[in-house]
Amino acid sequence: MIVEKKEAFICDTENRVDKVASTVVPRSIFSQADTKILVNGKNVKKSQKVKVGDKVEIIYNEETFEGLLAEDIKLDVVFEDDSILVINKPCGMVVHPGAGNYTGTVVNALLYRYGDDFKTLEEDDSDLRPGIVHRLDKDTSGLLLIAKTRDAHKNLAMQFQEHSNEKIYLAICKGNFIKKRGTITKNIVRSELNRKTFTVTDDDRGKSAITHYTVLRQYDGYAFVRVKIETGRTHQIRVHLKSINHPILGDEIYSRKDNLFDVPLCLHAFTLSIDHPVTGERLTFRAKLPERMRDVIKKLSI
C-alpha cells in the first residue's frame with residue numbers, strides 16, 4: 001500500500017535541497033511526481049538552493065507491502081525476462097493498494113507471481129526495491145513497466161527521471177480541435193479545493209509538465225488523439241487536455257458526463273520505449289487499442 005510520510009529538519013549546510021535532504025529521506029523519492037518540498041513553508045523545486053538555518057519539509061509517498069495479500073490474478077504479459085516485466089494493464093485495475101483498494105491490484109498479482117523475492121529489501125540499499133517503475137491511473141489502460149531486480153529498478157528509474165524513455169498514449173477527447181498539433185507546457189499543481197485532483201497554473205507553483213498532442217482523426221465533436229509526454233506528473237494528460245478545453249471522454253474527474261457515450265476513461269498507454277537495464281538495447285513495446293476505445297471510434301466512423 002501507499003502511505004504518506006513527512007520529514008522535517010533545519011539545514012546545517014548550503015546546497016541544493018535534494019542534496020541536503022538525501023541524508024534524511026531516500027534519494028528515489030525526488031523522482032516521484034507526488035513528492036512535495038517546502039522550504040520555510042514555501043513550495044520549491046528539488047533544485048532550490050538552501051542555506052544554513054532554513055527549515056525543510058519533505059512530504060512523500062512510500063510503498064509498503066506489509067500485510068498485503070498475494071493473489072492469483074492473471075496478468076496480460078507483453079514482455080518478460082530476468083530483469084523486467086511489461087504488462088498491458090486493463091482499465092479499472094488499481095496499480096498500488098491504497099484506501100479502499102487493498103486487493104485486486106497489480107501489486108497483489110506481483111506478490112503472488114514472484115513471492116518473497118518481490119518483498120525482500122537489501123540492508124545497504126533500503127530506498128530501492130524491485131517493483132513498479134512508473135504509474136498509471138486506475139482507469140488508464142496500457143503498458144506498465146515492472147523491475148524484477150534492484151539494479152534494473154535503479155537503472156529504469158534514472159531513465160524516467162532523465163526522460164530518456166518515450167511514452168506515447170492514445171486518447172479520445174471531446175470537442176473540435178482548431179490546431180492538429182500542439183504542445184502544452186503549463187505547470188501542474190494540486191487543487192486547493194480538492195486535494196485528490198490537480199489543475200494548471202501560470203505561476204511558479206506546482207511542477208513543470210510538457211505534453212505534445214497530435215490529432216489523428218477529427219470527428220463531429222470528438223477527436224482521436226496521439227499524446228507524447230516528456231514528464232510524468234500525476235493526471236498530467238487529463239489535466240493538460242482539460243486546460244485547452246478538450247477533456248478526455250469518460251473522465252469522471254475532469255470532464256462532465258457525456259450525452260452519447262457512457263464509457264470509462266478513454267486513455268491508453270500505447271507504446272513505451274526504454275533502454276534495457278542490462279543490455280542497453282533500445283526496446284519498444286506496444287499494447288493494442290482496448291475494446292472500449294475501438295467501439296467508440298467505430299460508432300463515430302459511421
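At 33% relative accessibility, Glu80 counts as partly exposed. The model is predicted, so local features need pLDDT of at least 70 and side-chain atom pairs count only at pLDDT 80 or more, while totals for chains, interfaces and linings use all residues. Residues are numbered from 1 along each chain as its sequence is written, and side-chain values use heavy atoms, with hydrogens and water left out.

Start with charge. Side chains of opposite charge can pair when their charged atoms come close. Here a salt bridge means a side-chain nitrogen of Lys or Arg within 4 Å of a carboxyl oxygen of Asp or Glu. The structure holds 10 of them.

Lys148 counts as partly exposed, because its relative accessibility is 25%. What is the distance between the closest N and O atoms of Glu80 and Lys148? They are 2.9 Å apart, in a salt bridge. Glu80 sits in strand S7 (residues 77-80), and Lys148 in the loop between strand S10 (141-147) and helix H3 (150-162), so the pair ties together parts that are 68 residues apart in sequence. Helices (H or I, at least four residues) and strands (E, at least two) are DSSP runs, numbered from the N terminus.

Next comes Lys6. Its salt bridge is with Glu57, with 3.0 Å between the closest N and O atoms. Lys6 lies in strand S1 (residues 2-10) and Glu57 in strand S6 (residues 55-63), 51 residues apart. Lys6 counts as exposed at 51% relative accessibility. Glu57, at 13%, counts as buried.

Now follow S11 itself. Why is S11 largely enclosed by the rest of the structure? Because 8 of its 9 residues are buried. S11 pairs with S17 in the antiparallel sense over 6 bridges; two strands pair if DSSP finds at least two bridges between them. Strand S16 (residues 222-229) also pairs with S11 in the antiparallel sense, over 8 bridges. Ile168 stands opposite Thr271 in S17, and its bridge partner in S16 is Lys228.

Aromatic rings come next. Rings of Phe, Tyr and Trp (its six-membered ring) pair if their centres lie within 6.5 Å; planes under 30 degrees apart count as stacked, over 60 as edge-to-face and the rest as tilted. The whole structure has 3 aromatic pairs. Phe177 and Tyr213 have ring centres 5.5 Å apart and planes at 50°, so they form a tilted pair. Phe177 is in the loop between S11 and strand S12 (181-184), and Tyr213 is in strand S15 (residues 211-218), 36 residues apart. Phe177 and Tyr213 are buried. Tyr222 and Phe261 have ring centres 5.4 Å apart and planes at 85°, so this pair is edge-to-face. Tyr222 lies in S16 and Phe261 in the loop between H4 and S17, 39 residues apart. Both Tyr222 and Phe261 are buried.

End at helix H4 (residues 236-243). Of its 8 residues, 6 are buried, so H4 is largely enclosed by the rest of the structure. The buried ones are Gln236, Ile237, Arg238, Val239, His240 and Leu241. Just after H4, Asn245 takes a positive phi of about 65°.

Conventions: Buried means under 20% relative accessible area, exposed over 50%, partly exposed in between (1.4 Å probe, protein chains only).
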